[in-house]
Amino acid sequence: MDLWLAIAASLLSFGSGAVLFGFIMFRMGEKNRMKFAEAHIESAEKEALRIINEAGEKAQTKKKTALVEAKDEIYKLRGEAEKDINRQRHEAERDLKERRSELSRSERRLQQKEESLDKKSDKIEKLEESLVQKNKQASEKLEEADQIKRSQLDILERISGFTNEQAKEHLLSLLDGELDHEKAVRILAHEQRVKDECDAKARGYISLAISRLASETVSEIAVSVVPLPSDEMKGRIIGREGRNIRTLEQLTGVDLIIDDTPEAITLSSHDRVRREIARISLERLIQDGRIHPTRIEEMVEKAKQEIELRIKQEGERAILDTNVNAVNHEIVKLLGRLYYRTSYSQNVLAHSIEVAHLSGILAAELGVDANMARRAGLLHDIGKALSHEIDGSHVHIGVEVCKKYKENPEIIHAIEAHHGDVEVKTVIAAIVQAADAISAARPGARSENYENYIKRLQKLEEICSAYNGVEKTFAIQAGREIRIMVKPESANDDQMVVMAREIAQKIESDMEYPGQIKVHLIRESRVIDFAK
């Protein structure tokens, strides 16, 4: 126990000694650090003072250098400014001299002008004096002339028995009569000259259009002939108790003529579409060999589909051939149907294409829209595609169809006027009318059988002969002109005009004919005597 107390006392004494030693060493280090810091601060202050002194010396040196440079720059600018001032002074003096010389010249010119004006004013005053004198003399002479004129007029009035106003009216009336006659003569001469020139130009344009258009002339017929491989095929086509031929005729609406013609059957119908369907069906039945009612129905249906496709193709061909664009597809189909329509044996689609080409050529020569003229020419007979389905003339039907599909009003008017049903109001309508007449009237374009031709001429002459005062009638130029000999004592010139109009209207209402018919009335009086 005492040992542990001794050890503890010794440790306590050692610890207190160590603490005291540490405190003494700390105080000594602190004093040394203070001395070192003071020495460092003193050296820093000295260095700062030295830097400040050097900076002051450098600043003084730079200040002196800047002052010297500024003074040099000032001297330099002052010299340049003095040079500019001197130069401007010289220029101003030179301008002043020039202005003074110009002013002196202007003053001299003004003086010269004043002198010339003074001279002119003197001359004008002299002229005015002379004019005043001449006016006085002229007025005196005019008074004398008036007195002489009044005396002469008094003498003329006494001699003629007319007053002044009456004489003026008499002279003016005579002058008006002469002027009216002169105007009438000049107007007639001018109208005749214009008519001659227009006729010559029209003939030239029509000749050019016809010469530039080369088209084939093909007359349509109302029958088709189907060749047979042998005469035995006729019996198979007729069928048992004629059932095959009856079926074919009922489905197509065509008459089959089986006669003594070897190895051939004739199809007769004025409807070319039906005749073509029957021809195609019969040819395919002959190739197939199986001929019975059911097979006939199948072949007829296929032929109808083929014809519908052909109609569309023909309409598109017509559009491409005439270079007409943006046509409604329904109108294209109607154009294709015209391929199977004829007018006096002339194919209506070929006629429409021909009219379109002629209209385009004439329009180009006249400076009119050729595209619109071709379009109107192509569509002018579009109503014939529906004329057997809708009541009314083909002109009325064509107008309604084109209105339905929003065609140009000018084209609709051309369709409406191409047969003269309404008055022609546009150049396009007149061109289409002329082109239609050219296409229909050219040699070989249309034809009819001999019997119908004779009947048409006879009826034409009968209509004209039925009128009172008609002596003889002659149908000439294939019925395109009728010449009527009128008794001179039965009608005067005015009555002949009325008669010609009535005959024309009667022909239009009672007859069907291609183109137009010229009604030509002739009234002639002859007096014959003999000297013996």
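## Basis of the model

Residues are numbered from 1 along each chain as its sequence is written. In this predicted model, local features need pLDDT of at least 70 and side-chain atom pairs count only at pLDDT 80 or more, whereas totals for chains, interfaces and linings use all residues; side-chain values use heavy atoms, without hydrogens and water.

## Overall make-up

The protein holds 14 helices and 8 strands; these are DSSP runs numbered from the N terminus, with helices (H or I) of at least four residues and strands (E) of at least two. Of its 532 residues, 26% are buried, that is, under 20% relative accessible area with a 1.4 Å probe and protein chains only.

Contact means heavy atoms within 4.5 Å. Among contacts between residues at least 6 apart in sequence, 61% join residues at least 24 apart.

## Helix H10

Helix H10 spans residues 394–404, and its buried residues are His394, Val395, Ile397, Gly398, Val399, Val401 and Cys402. Just after H10, Lys406 has a positive phi of about 60 degrees.

## Glu314 in helix H6

Glu314 lies in helix H6, which covers residues 293–322. Its relative accessible area is 8%, so Glu314 counts as buried. Beyond its neighbours within four places in sequence, Glu314 is in contact with Gly336, Tyr339 and Leu349.

Terms used:
Buried means under 20% relative accessible area, exposed over 50%, partly exposed in between (1.4 Å probe, protein chains only).
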